Amino acid sequence: MLPYGRQTIGDGDIEAVVKVLRSDWLTTGPMVSEFEQKFAQSTGAGQAVAVSSGTAALHLAMLAAGVGAGDEVIVPALTFVASANCVRYVGGDVVFADVRSDTLTIDVEDVARKISGRTRAIVVVDYAGQPADLDEILSLARQYDLIIVEDAAHSVGAEYRGRPVGSIADMTTFSFHPVKQMTTGEGGMVTTNDLRLDSKLRLFRNHGITTDHRQREEQGSFFYEMIELGFNYRITDFQCALGLAQMERLPEWLTRRREIAARYTSAFSESPHLKPLTMLHDRESAWHLYVVQLQLDTLSVDRSAIFSRLREAGLGVNVHYIPVYWHPYYEKLCNQQVYCPVTEDSYHKLLTLPLFPTMKDEEVQRVIDTVEDVLSQSSIGTGDGRSINSIEVR
Ligand SMILES: *Cc1c(COP(=O)(O)O)cnc(C)c1O
């Protein structure tokens, strides 16, 4: 089975990790600061704070933004659950906004409609790796005094109007989970240009304590103070060594991702059965995912059937994502009152095809051929006798 994503670990990565394991610092040592500095440089951000996961990064961003009970945060409905869960961790209310049908990033007009007197922040997601409409969102934020958190779990290395992702929003969060473009096993980062937010992020990362053990050791002091209720969201030194080694190869991996995406897009450009996402000219995707929307009116079966046929043919296709408010936790919380039509309609059409930098050209071609075969066999008028419209589980 060809997976939809896969990490790349080389000898250089392994050596970098082993070197740290033989050193004095396993956690919160020199590799953490070096990773933070290099990451800030490469994203053009003033500050970068390394943490234990992308989810921790989002939680810290909510804490630093001061979101709490009674506050509303607007979140796109089509994303991974963590983009919304961070709001709940701090007691805030999630307000779901719909997405644009062409890019599947948050719909600015719907966001504007959903701003209320209680809105405190907006989480935008760079869906599949393509930055959202950041300038429009930022101008809404200025108008209503809101904090923008960009969930860039998909978009490390992406650009928006000539600016690197990480340097644009009030805070930008990244994930280094193995399915993402670069990995530290588990891990994440928050970037910001605001020194006040930076110091809050560092405080909440380390129990709400004002110094870390390395600083105290250097100062020859035992004294510390806990001034906020923080968490242990620290990342280890050996993970940061891995992150540094991965970062060096990121540009070459991004190039390969773009190359594969371009092949898919040109192969599928004539197909009546599917449509790749629209890529906007003023931004450059980091191609975390290659997502297509099936043209269901040309097919005799639904997405579930296509999905199973592709899996049977050895393609590890996936679906990103189930609308967040359909998950039972949110269904109960929102009293089933939420309706984002574009998100729901898109969900029924979505498929993610395999995309990772070590994919061989033959594998890319195999994906193209298999998708074309399965879709033409499932085309209206060429029914192959299998059940039409198998029941889609909501
Ligand atoms: C992966 C992901 C996260 C969470 O990152 P973890 O490192 O797995 O905690 C958050 N948001 C989005 C959109 C993601 O894809």
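1. Surface patch. A patch here consists of residues with over 30% relative accessible area and no salt bridge, where like charges are joined within 9 Å and nonpolar side chains (Val, Leu, Ile, Met, Phe, Trp, Tyr) within 5 Å. In this predicted model, local features need pLDDT of at least 70 and side-chain atom pairs count only at pLDDT 80 or more, whereas totals for chains, interfaces and linings use all residues. Residues are numbered from 1 along each chain as its sequence is written, and side-chain values use heavy atoms, with hydrogens and water left out. Ile9, Ile14, Val18, Leu21 and Leu26 make a nonpolar surface patch of about 400 Å² (accessible areas by the Shrake-Rupley method with a 1.4 Å probe; for residues, only the protein chains shown count as cover). Isoleucine 9 is placed in the segment before helix H1 (11-21) (helices, H or I of at least four residues, and strands, E of at least two, are DSSP runs numbered from the N terminus). Its relative accessible area of 42% makes isoleucine 9 partly exposed (buried is under 20%, exposed over 50%, partly exposed in between; 1.4 Å probe, protein chains only).

2. Ligand site. The ligand is surrounded by 15 residues, the closest being Gly54, Thr55, Asp151, Ser175 and Lys180 (a residue counts if one of its heavy atoms lies within 4 Å). Polar contacts are pairs of N or O atoms within 3.5 Å; within protein, one must be able to donate a hydrogen and the other to accept it, and residues adjacent in sequence count only if both atoms are side-chain atoms. Oxygen atoms of the ligand lie 2.5 Å from a side-chain N or O atom of threonine 55, 2.7 Å from one of serine 175, and 3.1 Å from a polar side-chain atom of lysine 180. On its own the ligand has 380 Å² of accessible area, of which the protein covers 91%. Helix H3 (54-65) and helix H4 (82-89) are the elements that give two or more residues to the shell; H3 gives the most, with 3 residues.

3. Strand S4. In strand S4 (residues 119-125), 6 of the 7 residues are buried, so S4 is largely enclosed by the rest of the structure. S4 runs parallel to strand S2 (residues 72-76), joined by 3 bridges (strands pair if DSSP finds at least two bridges between them), and valine 73 has alanine 121 as its bridge partner in S4. S4 is also joined to strand S5 (residues 147-151) by 5 bridges, again in parallel.

4. Antiparallel sheet. An open sheet of 3 strands has the order S7-S6-S11, with antiparallel pairing. Strand S7 (163-164) and strand S11 (283-284) are at the edges with a single partner strand each, so one side of each is left without a neighbour in the sheet.

5. Salt bridges. The structure holds 24 salt bridges (a side-chain nitrogen of Lys or Arg within 4 Å of a carboxyl oxygen of Asp or Glu). In one of them, glutamate 36 pairs with arginine 202, with the closest N and O atoms 3.2 Å apart. Glutamate 36 belongs to helix H2 (residues 30-43) and arginine 202 to helix H7 (residues 195-205), so the pair ties together parts 166 residues apart in sequence. Glutamate 36 is buried at 7% relative accessible area, while arginine 202 is partly exposed at 26%.
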